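Hello,

Here is the structure you were going to look at. My notes on it follow below.

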Amino acid sequence: MKKQRPVNLDLRTINQPVSAIASILHRISGVITFIAVGILLWLLGMSLSSQEGFLQASEIMTGFFAKFILWGILTALAYHICGGIRHVLMDFGFLEENLVTGSASAKVAIVIAVILSILAGVLLW
Ligand code: HEM
């Protein structure tokens, strides 16, 4: 048997590079955005059903918990769009696919998403 086999594949103990973190966040934010489409369509349907439905939807959206959920959705969407644009730029060859550019663009995407997340919080509260 080969002596130099990988011995530690426990992801929790490996120091992930920023591009790996950006990639994982992109998948998580994509799944959150997918679930969010259902929640937002349900809310839109309620608000358009009648005058009472609109008032009920408005009432739901005044609560802290509902605002917190919406803030989470907006944050996930903001990150997914930033990460998505990064992917598209890489796919079209506008960003080099090497370690330095990959790490730098991952950091830029995360920083822009954090700024957008803070702005979403300011908008909601
Ligand atoms: C309703 C809106 C959206 C939903 C539900 C959604 C959901 C998802 C999901 C679940 C994935 C798969 C992630 C993975 O397997 O790693 C994905 C990938 C992707 N999304 Fe979205 N997305 C949405 C909007 C967008 C937008 C607006 C952009 C444009 C910036 C975008 C760009 C991308 C790209 C480029 C990928 C592929 C990433 C890769 O190659 O690893 N998405 N999306």
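**Start of H4**

A side-chain oxygen of Asn98 comes to within 3.4 Å of the backbone nitrogen of Val100, at the start of H4. Please keep in mind that this is a predicted model.

**The rest of H4**

Helix H4 covers residues 99–124, which is 26 residues. At 1.5 Å a residue these should span 38 Å, and the end C-alpha atoms are 37 Å apart, so the two values agree.

The buried residues of H4 are Gly102, Ser103, Ser105, Ala106, Ala109, Ala113, Ser117, Ala120, Gly121 and Leu124. They pack against helix H1 (18–49) and helix H3 (64–91).

**Ser19**

Ser19 lies in helix H1. Gly102 and Ala106 are among the buried residues of H4. Ser19 itself counts as partly exposed because its relative accessibility is 24%, and buried would mean under 20%. Between the C-alpha atoms of Ser19 and Trp71 there are 24 Å, with the two residues 52 apart along the chain.

**Nonpolar surface patch**

Val31, Phe34, Ile35, Ile39, Trp42, Ile60, Phe65 and Ile69 make up a nonpolar patch on the surface, and their accessible area together is about 830 Å². H1 and H3 are the elements that give two or more residues to the patch. H1 supplies the largest share, five residues.

One of the patch residues is Ile35, found in helix H1. Ile35 counts as exposed because its relative accessibility is 52%, and the cut-off is over 50%.

Regards

Notes: Residues numbered from 1 in each chain as written. Predicted model: local features only at pLDDT ≥ 70, side-chain atom pairs only at ≥ 80, totals over all residues. Heavy atoms only, no water. Helix = DSSP H or I, 4+ residues; strand = E, 2+ residues; numbered from the N terminus. Expected span 1.5 Å × (residues − 1). Buried < 20%, exposed > 50% of the residue type's maximum accessible area, 1.4 Å probe, protein only. Contact = heavy atoms within 4.5 Å. Polar contact = N/O pair within 3.5 Å; in protein donor to acceptor, adjacent residues only side chain to side chain. Patch = residues over 30% accessible without salt bridge, like charges linked within 9 Å, V, L, I, M, F, W, Y side chains within 5 Å. Areas by Shrake-Rupley, 256 points an atom, 1.4 Å probe, with all protein chains shown as cover. Salt bridge = Lys/Arg side-chain N within 4 Å of Asp/Glu carboxyl O.
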